[in-house]
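Subject: Structure handover

Hello,

Here is the structure you are taking over. Please open it first and keep it in view while you read the notes that follow.

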Amino acid sequence: MDADGSNQLRITTNQTHDFGPTWSPNGAKIAFSSLENENWDIVFISSSGSGPFPLTDHPGNDSRPAWSPAGGKIAFDSDRHGNTEIYVMDDDGSNQTRLTHSIYNNVEASWSPDGSRIAFYSKRDGNHEIYVMNADGSGQTRLTNNDRSDNYPSWSPDGSRIAF
């Protein structure tokens with residue numbers, strides 16, 4: 001739809017559920033989570049509505065895609081190895097790589113504006129805390145440490161701050 005709410009257009013026809021849309025940086029595609037046969041996968045559709053085209057096809061549940069700022073990469077959550085972890089893939093679905101390894105869920109990837117880091121949250125230290133890592137999964141560092149749940153990190157446009 002337009003930013004004022006006008007011109008709303010349905011572009012998916014899934015009879016079950018689709019959620020978590022994210023635009024490609026050039027605006028040509030929208031990636032999202034789609035439920036088919038009781039399994040979540042990441043698919044994309046062109047902004048004009050052609051598709052959907054699958055990016056993942058795995059017995060595990062893949063969800064919450066996040067397009068890298070320059071395009072070319074998509075981070076996502078998957079429980080394909082038991083608990084939910086952060087993965088990254090090329091934006092054509094190839095080179096799917098696991099970035100986090102924990103017995104606790106790691107979810108909700110958020111790219112830094114320059115694409116060099118990914119923020120996420122995890123319960124690996126007792127309760128939900130915000131973490132950051134390099135885009136290749138190295139250098140995982142906890143940023144918050146308190147007795148409340150810290151969730152849903154979002155980078156400021158200049159990359160100097162993270163809201164949660």
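The accessible surface of the protein comes to about 9,000 Å², and carbon and sulfur atoms account for 47% of that area. Keep in mind that this is a predicted model, and every value below was computed from it.

**Overall form**

The protein has 14 strands and 0 helices. Read along the sequence, the pattern is therefore β-β-β-β-β-β-β-β-β-β-β-β-β-β. The radius of gyration is 16 Å, close to the 15 Å that the globule rule gives for 164 residues, so the protein is as compact as a globular protein of that length. Along the principal axes, the C-alpha atoms fill a box of roughly 45 × 35 × 30 Å. Of the 164 residues, 41% count as buried. Among contacts with a separation of 6 or more, 25% are between residues 24 or more positions apart.

**The open sheet**

In which order do the 4 strands of the open sheet stand? The order is β5-β6-β7-β8, with antiparallel pairing. Strands β5 (62-67) and β8 (97-98) stand at the edges. Each of these two has a single partner strand, so one side of each is left without a neighbour in the sheet. As background, strands of a sheet pair through backbone hydrogen bonds, in either a parallel or an antiparallel way.

To find the place on screen, look for Y87, which stands opposite R98 in β8.

S63 lies in strand β5. Is S63 buried or exposed? At 11% relative accessibility, S63 counts as buried, because the cut-off for buried is under 20%. Leaving aside neighbours within four places in sequence, S63 is in contact with F19, S33, I42, F76 and D77.

**Salt bridges**

How many salt bridges does a search of the whole structure find? The search gives 6.

R80 forms a salt bridge with D62, and their closest N and O atoms are 2.8 Å apart. This pair links distant parts of the chain, as R80 is in strand β6 (residues 73-81) and D62 is in strand β5, 18 residues apart. R80 counts as buried at 16% relative accessibility. D62 is buried as well, with a relative accessible area of 0%.

R64 forms a salt bridge with D77, where the closest N and O atoms are 2.9 Å apart. R64 lies in strand β5 and D77 in strand β6, so the pair ties together parts that are 13 residues apart in sequence. R64 counts as partly exposed at 33% relative accessibility, whereas D77 is buried at 0%. R64 and D77 also belong, with E108, to a network of salt bridges.

The side chains of D90 and K73 meet in a salt bridge, at 2.6 Å from N to O. D90 is in strand β7 and K73 in strand β6, 17 residues apart, and this pair too links distant parts of the chain. D90 is buried, with a relative accessible area of 16%. K73 is partly exposed, with a relative accessible area of 34%.

**Nonpolar cores**

Which residues make up the largest nonpolar core? There are 11: A66, A75, I86, V88, L99, A109, W111, I118, F120, Y131 and M133. The elements that give two or more residues to this core are β7, β9 (106-111), β10 (117-122) and β11 (129-134). A second, separate core has 9 residues, including A31, I74, F76 and M89.

Not counting residues up to four places away in sequence, V88 touches K73, I74, A75, F76, N95, Q96, T97, L99 and W111. Among these, A75, L99 and W111 are listed with V88 in the largest core, while I74 and F76 are listed in the second one. K73, also touched by V88, is the salt-bridge partner of D90.

That is the end of the notes.

Regards

Key: Residues numbered from 1 in each chain as written. Predicted model: local features only at pLDDT ≥ 70, side-chain atom pairs only at ≥ 80, totals over all residues. Heavy atoms only, no water. Pairing = 2+ DSSP bridges. Salt bridge = Lys/Arg side-chain N within 4 Å of Asp/Glu carboxyl O. Buried < 20%, exposed > 50% of the residue type's maximum accessible area, 1.4 Å probe, protein only. Core = buried A, V, L, I, M, F, W, Y, C linked by side-chain atoms within 4.5 Å. Contact = heavy atoms within 4.5 Å. Rg over C-alpha atoms; globule rule 2.2 N^0.38 Å. Areas by Shrake-Rupley, 256 points an atom, 1.4 Å probe, with all protein chains shown as cover.
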